[in-house]
Amino acid sequence: MGLLSSLQILVTKWLTCVLVVILLIPLSACNPAVLTANPNQPPQLVQAILSDPKTFNPVIAADATSSSVGRMIFDGLITENPLTGEIEPALAESWSISEDNLKIIHTLRPNLKWSDGHPLTAEDVVFTYNQLYLNPNIPSGMRDTLKIGESKSFPQVRKLNDLQVEFSLSEPFAPFLGITGATILPAHILRKTIEQKDQDGKLKFLSTWTVDTPSEEIVASSAYKLKSYATNQRLVFEENPYYWKKVVVDENIPYIEQVVWEIVESTDTSLLQFRSGSLDSISVSPEYFSLLKKEETKGNFEIYNGGPDYGTNYVVFNLNTGKRKGKPLVAPRKSRWFNNVKFRQAVAYAINRPRMVKNIYRGLGQPQHSFISVQSPFADP
């Protein structure tokens, strides 16, 4: 297993251009006046995804589609503005940080509800962190994410009252506030799956909310809830009647009441479907940009540049100097190279980033010289 070195050297591409709507802007921000839907059908947006989800359980989701479904139907305590990178309230209406930077208290919005009408309280937050994310018997990437600073210790999470949760850290750790944007899950649905095991001795939680689970059994807290799923065909999301933001803005949102994800396993096919009018939006790869740009007026669509992507590409060197049964895990000669900072710096300087931007991304990109995405508020240009 390669260990991440200090060298992060590839370019970050511009977010693929989006047609018809800017997907980075929340769907609730769309103007209802422009949604001229069939009167017998709710206003909807049809998009394409490349593959079926593997699970509807966001804690153990490892593939992109499953993770996207989780972000579609669940919210965290805070959210990050996709345009500015600023941290903003979500399920929590406010937070306070102690003077020593070792405690964060989140205060939830009053009268929060899950899509089934059950109250969403601090109990759900504490359950999600202590029983799910920090549970050593559940293989979740969030467990590593929650390790604090140099000590790698985990936060202490406790309920103060029905609306307040306290996170206690072993040392000041600036990124932690952003980490609390992790999705919160319903204790009233999932607690029993942590208390029970299957015939193999594994927690029932690990086999909960599979893709075969009826959609009505999966509750949500965000703008949408899962309406239906047909394998190799589509996922359909419908508005959550108890979406917390309805109260905040005093409007019946989201204006787009239904979102359809058509499962199209080829980007070429997605392009054809968009040009035929069966998709409302697609992401445009650099090789298709010139073609579609020429068709904007005739095709009655518009291309938007969504700005830099949050993704980062890496060149990774294995710095492991250990042995297995007396044999080095990495050839000694290569290990001496990889563990030499000057070698890694030389490789970084040798890569022609401008040429990558020109040849691979057709000029629709910008060089990146750090492992921190240029979109991140932690980036220092």
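User: What makes up the accessible surface of the chain, and how much does it come to?

Analyst: In this predicted model, the accessible surface of the chain comes to about 20,700 Å². Carbon and sulfur atoms hold 51% of that surface.

User: What share of the residues counts as buried, and what makes a residue buried?

Analyst: A residue is called buried because its relative accessible area is under 20%. Of the 381 residues of the chain, 41% count as buried.

User: Why are strand 3 and strand 10 called edge strands?

Analyst: The open sheet has 4 strands in the order 3-12-11-10, with mixed pairing. Strand 3 (44–49) and strand 10 (224–230) are its edge strands, as each pairs on one side only. Neighbouring strands of this sheet are turned by 20° against each other on average, direction ignored.

User: How do you know that strand 3 and strand 12 pair?

Analyst: Pairing requires at least two bridges between the strands. Strand 3 and strand 12 (residues 258–263) have 6 bridges, in the parallel sense, and therefore count as a pair. One of the bridges joins Gln44 to Gln258 in strand 12.

User: Why is the set of 62 residues called a nonpolar core?

Analyst: The name applies because such a set consists of buried residues of listed types, including Leu, Phe and Tyr, joined through side-chain atoms within 4.5 Å. The largest core has 62 residues, and Tyr129, Leu132, Phe167, Leu235 and Phe237 have the most contacts inside it. Helix 2 (residues 122–133) gives the most to this core, with 7 residues.

User: Which residues belong to the second, separate core?

Analyst: That core has 11 residues, among them Leu279, Ile282, Leu292 and Phe301.

Technical notes: Residues numbered from 1 in each chain as written. Predicted model: local features only at pLDDT ≥ 70, side-chain atom pairs only at ≥ 80, totals over all residues. Heavy atoms only, no water. Buried < 20%, exposed > 50% of the residue type's maximum accessible area, 1.4 Å probe, protein only. Areas by Shrake-Rupley, 256 points an atom, 1.4 Å probe, with all protein chains shown as cover. Helix = DSSP H or I, 4+ residues; strand = E, 2+ residues; numbered from the N terminus. Axes fitted to C-alpha atoms, helices over the stretch in contact; angles between N-to-C directions.
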